[in-house]
Amino acid sequence: MRIKSVAVLGAGAVGSYIIWGLSNRKDIKLGVIAEGERKERLEKNGCLINEKVYHPEVWTPSEANGVDLLIVSLKYGALPGAVDSIKEAVGDNTIIMSLMNGVDSEEIISEKVDASHILHSLIKVASHKEGTGYCFDPETTIGIIFGEISAPFESERVEEIKELFADTGLHFRATEYIREEMWSKYRLNICNNLPQAILGAGVGCYSDSTHMKAISDGLKKEVEAVAAAKGIDMSKVDIKSARGSAVPSTARYSTLQDIDAGRHTEIDMFSGALVRMGKELGVPTPYNEYTYHMIKALEEKNDGLFDYDGKNAETTCAK
(Lines give C-alpha, C1' and ligand atoms only; values in the text may rest on other atoms or scores of the structure.)
Protein backbone atom coordinates (compact mmCIF):
# COMPACT_ATOMS: atom_id res chain seq x y z
CA MET A 1 0.00 0.00 0.00
CA ARG A 2 1.40 3.39 -1.02
CA ILE A 3 -0.62 5.39 1.51
CA LYS A 4 1.47 5.69 4.64
CA SER A 5 0.36 9.11 5.88
CA VAL A 6 -3.11 10.65 6.24
CA ALA A 7 -4.00 14.20 7.28
CA VAL A 8 -7.50 15.29 8.33
CA LEU A 9 -8.44 18.95 7.90
CA GLY A 10 -11.51 19.48 10.05
CA ALA A 11 -11.79 17.25 13.12
CA GLY A 12 -15.51 17.76 13.66
CA ALA A 13 -18.46 15.47 13.10
CA VAL A 14 -17.11 13.99 9.86
CA GLY A 15 -13.42 14.13 10.70
CA SER A 16 -14.12 12.24 13.92
CA TYR A 17 -15.39 9.23 11.97
CA ILE A 18 -12.14 9.13 9.96
CA ILE A 19 -9.96 9.55 13.06
CA TRP A 20 -11.91 6.81 14.84
CA GLY A 21 -11.44 4.35 11.97
CA LEU A 22 -7.89 5.08 10.89
CA SER A 23 -6.60 5.12 14.47
CA ASN A 24 -6.95 1.33 14.22
CA ARG A 25 -4.16 1.26 11.62
CA LYS A 26 -0.77 1.15 13.26
CA ASP A 27 1.14 1.11 9.95
CA ILE A 28 0.31 4.70 8.95
CA LYS A 29 0.93 8.19 10.31
CA LEU A 30 -2.36 9.91 11.11
CA GLY A 31 -2.55 13.61 11.81
CA VAL A 32 -4.96 16.51 12.12
CA ILE A 33 -4.06 19.82 10.47
CA ALA A 34 -4.39 22.79 12.80
CA GLU A 35 -2.61 26.00 13.74
CA GLY A 36 -2.38 28.38 16.69
CA GLU A 37 -4.67 27.92 19.67
CA ARG A 38 -6.57 25.09 18.00
CA LYS A 39 -3.33 23.17 17.47
CA GLU A 40 -2.40 23.62 21.13
CA ARG A 41 -5.83 22.49 22.28
CA LEU A 42 -5.80 19.36 20.12
CA GLU A 43 -2.28 18.46 21.25
CA LYS A 44 -3.33 18.82 24.88
CA ASN A 45 -6.85 17.36 24.85
CA GLY A 46 -6.96 15.11 21.79
CA CYS A 47 -10.27 14.28 20.09
CA LEU A 48 -13.19 12.91 22.13
CA ILE A 49 -15.03 10.40 19.94
CA ASN A 50 -17.74 8.04 21.21
CA GLU A 51 -16.59 8.82 24.78
CA LYS A 52 -12.98 7.81 24.06
CA VAL A 53 -10.08 10.22 23.64
CA TYR A 54 -7.90 9.79 20.54
CA HIS A 55 -4.53 11.47 20.07
CA PRO A 56 -3.65 11.77 16.38
CA GLU A 57 -0.59 13.85 15.62
CA VAL A 58 -1.26 17.56 15.06
CA TRP A 59 0.46 19.19 12.08
CA THR A 60 0.59 22.66 10.62
CA PRO A 61 -0.08 22.75 6.86
CA SER A 62 3.67 22.97 6.18
CA GLU A 63 4.36 20.01 8.48
CA ALA A 64 1.73 18.01 6.58
CA ASN A 65 3.24 18.89 3.19
CA GLY A 66 3.52 15.84 0.94
CA VAL A 67 1.05 13.74 2.93
CA ASP A 68 -0.21 10.76 0.90
CA LEU A 69 -3.91 11.39 1.60
CA LEU A 70 -5.56 14.65 2.67
CA ILE A 71 -9.15 14.37 3.86
CA VAL A 72 -11.03 17.68 3.92
CA SER A 73 -13.99 17.65 6.31
CA LEU A 74 -14.57 21.32 7.06
CA LYS A 75 -17.77 23.29 7.40
CA TYR A 76 -18.63 24.97 4.10
CA GLY A 77 -18.09 28.48 5.38
CA ALA A 78 -14.54 27.62 6.47
CA LEU A 79 -13.41 26.26 3.10
CA PRO A 80 -12.55 29.54 1.27
CA GLY A 81 -10.26 30.53 4.12
CA ALA A 82 -8.61 27.09 4.17
CA VAL A 83 -7.69 26.63 0.50
CA ASP A 84 -4.23 28.13 1.03
CA SER A 85 -3.62 25.62 3.84
CA ILE A 86 -4.78 22.82 1.55
CA LYS A 87 -2.40 24.01 -1.15
CA GLU A 88 0.46 24.12 1.37
CA ALA A 89 -0.19 20.56 2.54
CA VAL A 90 -0.46 19.02 -0.93
CA GLY A 91 2.64 17.43 -2.43
CA ASP A 92 3.22 16.02 -5.90
CA ASN A 93 1.49 12.71 -5.12
CA THR A 94 -1.10 13.76 -2.54
CA ILE A 95 -4.64 12.44 -3.00
CA ILE A 96 -7.40 14.81 -1.81
CA MET A 97 -10.80 13.53 -0.72
CA SER A 98 -13.39 16.15 0.24
CA LEU A 99 -16.03 14.67 2.51
CA MET A 100 -17.86 17.96 2.80
CA ASN A 101 -21.56 18.30 2.11
CA GLY A 102 -22.72 19.83 -1.17
CA VAL A 103 -21.52 19.37 -4.73
CA ASP A 104 -19.01 22.17 -5.28
CA SER A 105 -16.25 21.87 -2.65
CA GLU A 106 -14.03 20.12 -5.19
CA GLU A 107 -14.43 23.09 -7.55
CA ILE A 108 -13.46 25.51 -4.78
CA ILE A 109 -10.39 23.46 -3.85
CA SER A 110 -9.32 23.16 -7.50
CA GLU A 111 -9.09 26.95 -7.74
CA LYS A 112 -5.79 26.62 -5.85
CA VAL A 113 -4.83 22.96 -6.31
CA ASP A 114 -4.68 21.01 -9.57
CA ALA A 115 -7.88 18.98 -9.93
CA SER A 116 -5.87 15.85 -10.76
CA HIS A 117 -5.19 15.47 -7.02
CA ILE A 118 -8.91 15.15 -6.23
CA LEU A 119 -10.66 11.81 -5.83
CA HIS A 120 -14.37 12.62 -5.63
CA SER A 121 -16.08 11.29 -2.55
CA LEU A 122 -18.86 11.74 -0.01
CA ILE A 123 -19.78 10.48 3.42
CA LYS A 124 -23.02 9.54 5.12
CA VAL A 125 -22.65 9.54 8.90
CA ALA A 126 -25.23 10.59 11.47
CA SER A 127 -22.77 12.19 13.88
CA HIS A 128 -23.71 14.66 16.58
CA LYS A 129 -21.89 16.65 19.22
CA GLU A 130 -22.10 15.74 22.88
CA GLY A 131 -20.22 18.07 25.19
CA THR A 132 -16.74 18.52 23.74
CA GLY A 133 -16.87 15.35 21.63
CA TYR A 134 -18.72 13.65 18.79
CA CYS A 135 -20.83 10.50 18.76
CA PHE A 136 -22.10 8.16 16.05
CA ASP A 137 -23.15 4.53 15.69
CA PRO A 138 -20.43 2.72 13.70
CA GLU A 139 -22.75 -0.17 12.81
CA THR A 140 -25.57 1.86 11.26
CA THR A 141 -23.27 4.39 9.53
CA ILE A 142 -23.36 4.04 5.74
CA GLY A 143 -19.88 5.53 5.47
CA ILE A 144 -17.63 6.73 2.66
CA ILE A 145 -18.40 6.46 -1.06
CA PHE A 146 -15.72 7.39 -3.59
CA GLY A 147 -14.68 6.97 -7.19
CA GLU A 148 -13.14 8.38 -10.32
CA ILE A 149 -15.16 10.83 -12.41
CA SER A 150 -14.17 8.97 -15.59
CA ALA A 151 -12.59 5.65 -16.62
CA PRO A 152 -10.53 3.82 -15.57
CA PHE A 153 -12.79 3.50 -12.54
CA GLU A 154 -10.70 0.78 -10.89
CA SER A 155 -7.70 3.11 -10.76
CA GLU A 156 -4.60 2.59 -8.69
CA ARG A 157 -5.64 5.23 -6.17
CA VAL A 158 -9.12 3.76 -5.80
CA GLU A 159 -7.50 0.42 -4.93
CA GLU A 160 -5.16 2.18 -2.48
CA ILE A 161 -8.07 3.82 -0.67
CA LYS A 162 -9.87 0.46 -0.46
CA GLU A 163 -6.78 -1.10 1.07
CA LEU A 164 -6.36 1.78 3.51
CA PHE A 165 -9.95 1.57 4.79
CA ALA A 166 -10.08 -2.26 4.93
CA ASP A 167 -10.38 -3.81 8.40
CA THR A 168 -10.59 -0.42 10.14
CA GLY A 169 -14.27 -0.45 11.08
CA LEU A 170 -14.95 2.26 8.48
CA HIS A 171 -17.79 1.46 6.08
CA PHE A 172 -16.95 2.28 2.45
CA ARG A 173 -17.48 1.40 -1.18
CA ALA A 174 -16.20 2.52 -4.57
CA THR A 175 -18.56 3.47 -7.40
CA GLU A 176 -18.49 4.27 -11.10
CA TYR A 177 -21.19 6.87 -10.53
CA ILE A 178 -19.63 9.16 -7.96
CA ARG A 179 -21.06 12.39 -9.42
CA GLU A 180 -24.57 10.92 -9.36
CA GLU A 181 -23.95 9.63 -5.81
CA MET A 182 -22.89 13.11 -4.71
CA TRP A 183 -26.02 14.66 -6.17
CA SER A 184 -28.14 11.94 -4.57
CA LYS A 185 -26.73 12.88 -1.17
CA TYR A 186 -27.19 16.57 -2.02
CA ARG A 187 -30.86 15.86 -2.72
CA LEU A 188 -31.15 13.97 0.56
CA ASN A 189 -29.58 16.82 2.52
CA ILE A 190 -31.81 19.47 0.98
CA CYS A 191 -35.12 17.64 1.33
CA ASN A 192 -34.46 16.04 4.75
CA ASN A 193 -32.03 18.41 6.43
CA LEU A 194 -33.66 21.77 5.75
CA PRO A 195 -37.44 21.53 6.42
CA GLN A 196 -36.93 20.09 9.91
CA ALA A 197 -34.48 22.91 10.65
CA ILE A 198 -37.21 25.48 10.03
CA LEU A 199 -39.80 23.53 12.03
CA GLY A 200 -37.38 22.65 14.84
CA ALA A 201 -38.52 19.02 15.05
CA GLY A 202 -36.97 15.57 14.71
CA VAL A 203 -36.89 13.71 11.39
CA GLY A 204 -40.08 11.85 12.31
CA CYS A 205 -41.91 14.97 11.11
CA TYR A 206 -41.57 13.83 7.49
CA SER A 207 -43.57 10.65 8.07
CA ASP A 208 -45.96 12.14 10.61
CA SER A 209 -46.98 15.30 8.72
CA THR A 210 -48.35 15.51 5.18
CA HIS A 211 -47.38 19.19 5.18
CA MET A 212 -43.72 18.50 5.97
CA LYS A 213 -43.71 15.73 3.37
CA ALA A 214 -45.07 18.15 0.77
CA ILE A 215 -42.32 20.66 1.50
CA SER A 216 -39.67 17.94 1.37
CA ASP A 217 -41.03 16.67 -1.95
CA GLY A 218 -41.06 20.18 -3.42
CA LEU A 219 -37.41 20.71 -2.52
CA LYS A 220 -36.52 17.26 -3.87
CA LYS A 221 -38.13 17.89 -7.27
CA GLU A 222 -36.15 21.11 -7.69
CA VAL A 223 -32.85 19.34 -6.99
CA GLU A 224 -33.75 16.68 -9.55
CA ALA A 225 -34.68 19.33 -12.13
CA VAL A 226 -31.36 21.17 -11.73
CA ALA A 227 -29.43 17.87 -11.85
CA ALA A 228 -31.23 16.86 -15.04
CA ALA A 229 -30.41 20.22 -16.61
CA LYS A 230 -26.75 19.56 -15.81
CA GLY A 231 -26.93 16.12 -17.44
CA ILE A 232 -26.73 14.21 -14.15
CA ASP A 233 -28.88 11.07 -14.16
CA MET A 234 -29.52 10.08 -10.54
CA SER A 235 -31.45 7.00 -11.65
CA LYS A 236 -28.02 5.38 -12.14
CA VAL A 237 -27.56 5.38 -8.37
CA ASP A 238 -28.52 2.29 -6.39
CA ILE A 239 -31.87 2.73 -4.63
CA LYS A 240 -30.09 2.21 -1.29
CA SER A 241 -28.13 5.43 -1.90
CA ALA A 242 -31.34 7.46 -1.71
CA ARG A 243 -31.34 7.04 2.06
CA GLY A 244 -29.08 8.11 4.86
CA SER A 245 -27.84 6.30 7.94
CA ALA A 246 -30.56 4.84 10.18
CA VAL A 247 -31.61 7.29 12.91
CA PRO A 248 -34.45 7.56 15.46
CA SER A 249 -37.41 9.86 14.77
CA THR A 250 -35.95 12.34 17.27
CA ALA A 251 -32.77 12.83 15.19
CA ARG A 252 -31.80 16.42 14.39
CA TYR A 253 -29.60 16.75 11.32
CA SER A 254 -26.70 19.15 10.93
CA THR A 255 -28.63 22.29 9.94
CA LEU A 256 -30.94 22.03 12.94
CA GLN A 257 -27.98 21.17 15.17
CA ASP A 258 -26.34 24.42 14.04
CA ILE A 259 -29.49 26.45 14.70
CA ASP A 260 -29.95 24.81 18.11
CA ALA A 261 -26.37 25.77 18.98
CA GLY A 262 -26.74 29.35 17.68
CA ARG A 263 -24.24 28.75 14.86
CA HIS A 264 -24.52 29.79 11.24
CA THR A 265 -25.55 26.91 8.99
CA GLU A 266 -24.39 25.55 5.64
CA ILE A 267 -27.49 26.87 3.86
CA ASP A 268 -25.32 28.66 1.27
CA MET A 269 -23.99 25.25 0.20
CA PHE A 270 -27.46 23.69 0.12
CA SER A 271 -30.31 25.87 -1.16
CA GLY A 272 -28.02 28.83 -1.82
CA ALA A 273 -25.94 26.90 -4.36
CA LEU A 274 -29.01 25.24 -5.88
CA VAL A 275 -30.77 28.58 -6.41
CA ARG A 276 -27.63 29.94 -8.08
CA MET A 277 -27.37 26.92 -10.38
CA GLY A 278 -31.09 27.10 -11.12
CA LYS A 279 -30.77 30.72 -12.25
CA GLU A 280 -27.79 29.85 -14.45
CA LEU A 281 -29.74 27.01 -16.07
CA GLY A 282 -33.17 28.66 -16.23
CA VAL A 283 -34.70 26.19 -13.74
CA PRO A 284 -37.19 27.69 -11.22
CA THR A 285 -36.43 26.87 -7.56
CA PRO A 286 -39.14 28.59 -5.46
CA TYR A 287 -39.12 26.04 -2.63
CA ASN A 288 -35.37 26.43 -2.24
CA GLU A 289 -35.50 30.23 -2.48
CA TYR A 290 -38.03 30.35 0.34
CA THR A 291 -36.06 27.83 2.41
CA TYR A 292 -32.83 29.75 1.88
CA HIS A 293 -34.32 33.02 3.15
CA MET A 294 -36.11 31.36 6.08
CA ILE A 295 -32.93 29.73 7.38
CA LYS A 296 -30.96 32.94 6.84
CA ALA A 297 -33.63 34.69 8.94
CA LEU A 298 -33.25 32.04 11.65
CA GLU A 299 -29.51 32.75 11.66
CA GLU A 300 -30.29 36.45 12.07
CA LYS A 301 -32.60 35.59 14.96
CA ASN A 302 -29.78 33.63 16.63
CA ASP A 303 -27.49 36.61 16.05
CA GLY A 304 -29.87 38.78 18.09
CA LEU A 305 -31.25 40.89 15.25
CA PHE A 306 -34.80 40.50 16.53
CA ASP A 307 -34.13 40.93 20.24
CA TYR A 308 -36.66 43.71 20.71
CA ASP A 309 -36.97 44.43 24.44
CA GLY A 310 -40.11 46.59 24.24
CA LYS A 311 -38.40 49.66 25.69
CA ASN A 312 -36.05 50.75 22.96
CA ALA A 313 -37.84 49.13 20.04
CA GLU A 314 -38.87 51.51 17.29
CA THR A 315 -42.57 51.91 16.62
CA THR A 316 -43.64 50.45 13.31
CA CYS A 317 -46.91 49.87 11.48
CA ALA A 318 -48.33 46.70 10.06
CA LYS A 319 -48.57 46.75 6.28
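**Before you start**

The model is predicted: local features need pLDDT of at least 70, side-chain atom pairs count only at pLDDT 80 or more, and totals for chains, interfaces and linings use all residues. Residues are numbered from 1 along each chain as its sequence is written, and side-chain values use heavy atoms, with hydrogens and water left out. Helices (H or I, at least four residues) and strands (E, at least two) are DSSP runs, numbered from the N terminus.

**Stop 1: helix H1**

Select residues 13–22. Nine of the ten residues of this helix, H1, are buried, so H1 is largely enclosed by the rest of the structure. Buried means under 20% relative accessible area, exposed over 50%, and partly exposed in between (1.4 Å probe, protein chains only). Colour the buried set: Val-14, Gly-15, Ser-16, Tyr-17, Ile-18, Ile-19, Trp-20, Gly-21 and Leu-22.

**Stop 2: Ala-89**

Go to helix H3, residues 79–89, where Ala-89 lies. Ala-89 counts as buried because its relative accessibility is 0%. Now show its contacts (heavy atoms within 4.5 Å). Leaving out residues up to four places away in sequence, Ala-89 touches Ile-33, Pro-61, Ala-64, Asn-65, Gly-66, Val-67, Leu-70 and Thr-94. Pick out Ala-64 from that list. Ala-64 and Ala-89 are 25 residues apart in sequence, yet 5.2 Å apart in space, C-alpha to C-alpha.

**Stop 3: backbone exceptions**

Most residues other than glycine have a negative phi, and most peptide bonds are trans.

- Select Asn-50, in the loop between strand E3 (47–49) and strand E4 (52–54). Asn-50 is not a glycine, but has a positive phi of about 50°. Asn-50 is partly exposed, at 26% relative accessible area.
- Select Asp-167, in the loop between H5 and strand E12 (172–174). Asp-167 also is not a glycine and has a positive phi, of about 60°. With a relative accessible area of 83%, Asp-167 is exposed.
- Select Pro-152, in the loop between strand E11 (143–146) and helix H5 (156–165). The peptide bond from Ala-151 to Pro-152 is cis, with omega near 0°.

**Stop 4: a three-stranded sheet**

Show E8, E11 and E12. The three strands form an open sheet in the order E8-E11-E12, with mixed pairing. Two strands pair if DSSP finds at least two bridges between them. The edge strands are E8 (121–124) and E12, each pairing on one side only. Neighbouring strands of this sheet are turned by 15° against each other on average, direction ignored. E11 and E12 run parallel and are joined by three bridges.

H6 lies across E8, E11 and E12, and runs at about 40° to E8. Axes are lines fitted to C-alpha atoms, for helices over the stretch in contact, and angles run from 0 to 180 degrees between N-to-C directions.

**Stop 5: H8 against H11**

Finish with helix H8 (residues 210–229) and helix H11 (residues 286–302), which pack at an angle of about 115° with their axes 8 Å apart. That makes H8 roughly perpendicular to H11. Angles under 35 degrees count as roughly parallel, over 145 as roughly antiparallel, 65 to 115 as roughly perpendicular and the rest as oblique. On the H8 side, show Ala-214, Ile-215, Gly-218, Leu-219 and Glu-222; they meet Pro-286, Tyr-287, Asn-288 and Thr-291 in H11. The residues of this contact divide into five nonpolar, three polar and one charged. Ala, Val, Leu, Ile, Met, Phe, Trp, Tyr, Cys and Pro count as nonpolar, Asp, Glu, Lys and Arg as charged, and the others, Gly among them, as polar.
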